[in-house]
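Thank you for asking me to look over this model. My comments are set out below as numbered points, to be read beside the sequence and the structure.

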Amino acid sequence: DSGLDEGWIGRHDDLYEVVDTNVFKIPRDLGLAYIRYFYNTNGEKLGLVMIDISKSFIEETIEKNELPDGSIVGFVALDGNEIIIGSESDGFKFSDLGIQFSERDGDGHIKGLEYIDYSGQEYLFVYSGIDESGSTVFAMIPKSEIISTANVVKQTTGTLATIAAIISIACAMFISKGISGFIFKVNGILQNVAAGDLTGRIEFKSEDESKYLGRAINMMLDS
């Protein structure tokens, strides 16, 4: 009736009535189906090709996204058929929310997010359209879980910053001690030189500026 040559649907219950299920097995866990006419060389319709995608396959695909506890994830076909999963999904119907997938990004793709209230709890509602099939995938993530995750990140960042500060202070003290020790040695040798003792020498192990200063003083004493 649509006048289209192909399309995606979330259910085809009417097909159960016209197909002999003894001959052709109809999958009862249908998640999505792709239907397309096929024609003869004269352009006449000979029939339909239908490819079924099981509901379990879609559920397994969605479950691979490890969202926080209490999240609800759903797949909504173009004809409104819903597949809902999640620990809080019992009795949940997307159609009861009264939300329209109306927002689009800069490229015209269906995509959006907003905060909503459901069963006395606030959720971040995120959705994205699938252009090829006209279906939409959405997720409802409890705001409390988002805040909790943010606090964990905050605490982790604070801990790392504290550790970095301690390491920086320790490095600064180590470098400062090394410089002070070198200056102390140079000062002692120069005091001996002032008293007429030219036998002192500066030993240097590092490869920084102190090496060149120590070498210059030793050359001065040698001369």
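1. F57 belongs to helix α2, where helices (H or I, at least four residues) and strands (E, at least two) are DSSP runs, numbered from the N terminus. The residue is partly exposed, with a relative accessible area of 49%, given that buried means under 20% relative accessible area, exposed over 50% and partly exposed in between, with a 1.4 Å probe and protein chains only. Its C-alpha atom and that of G70, 13 residues apart along the chain, are separated by 22 Å.

2. This is a predicted model, in which local features need pLDDT of at least 70 and side-chain atom pairs count only at pLDDT 80 or more, whereas totals for chains, interfaces and linings use all residues. Residues are numbered from 1 along each chain as its sequence is written, and side-chain values use heavy atoms, with hydrogens and water left out.

3. Five strands form an open sheet in the order β5-β4-β8-β7-β6, with antiparallel pairing; two strands pair if DSSP finds at least two bridges between them. Strands β5 (82-85) and β6 (111-118) stand at the edges with a single partner strand each, so one side of each is left without a neighbour in the sheet. From one strand to the next, the twist averages 20 degrees, where axes are lines fitted to C-alpha atoms, for helices over the stretch in contact, and angles run from 0 to 180 degrees between N-to-C directions.

4. Within this sheet, β4 (residues 72-76) and β8 (residues 135-142) pair in the antiparallel sense over 5 bridges, and V73 stands opposite A139 in β8. Helix α2 (residues 55-63) packs on the sheet, touching β4 and β5, and its direction makes about 45 degrees with that of β5; contact here means heavy atoms within 4.5 Å.

5. S119 deserves a look, as this residue has a positive phi of about 55 degrees although it is not a glycine. Most residues other than glycine have a negative phi. S119 lies in the loop between β6 and β7 (121-130) and is exposed, with a relative accessible area of 66%.

6. On the surface, F38, L46, V49 and I51 form a nonpolar patch with about 350 Å² of accessible area together. Patches are made of residues with over 30% relative accessible area and no salt bridge, like charges being joined within 9 Å and nonpolar side chains (Val, Leu, Ile, Met, Phe, Trp, Tyr) within 5 Å, while accessible areas come from the Shrake-Rupley method with a 1.4 Å probe, and for residues only the protein chains shown count as cover. Strand β3 (residues 45-54) gives the most to the patch, with 3 residues; V49 has its place in this strand and is partly exposed at 41% relative accessibility.

7. A search of the whole structure finds 4 salt bridges, each defined as a side-chain nitrogen of Lys or Arg within 4 Å of a carboxyl oxygen of Asp or Glu. One of them joins K143 and E122 (3.7 Å, N to O); K143 lies in helix α3 (residues 143-194) and E122 in strand β7, so the pair ties together parts that are 21 residues apart in sequence. Another joins D222 and R201 (2.3 Å, N to O), linking distant parts of the chain, with D222 in helix α4 (residues 209-222) and R201 in the loop between α3 and α4, 21 residues apart. D222 counts as exposed at 55% relative accessibility, whereas R201 is partly exposed at 39%.
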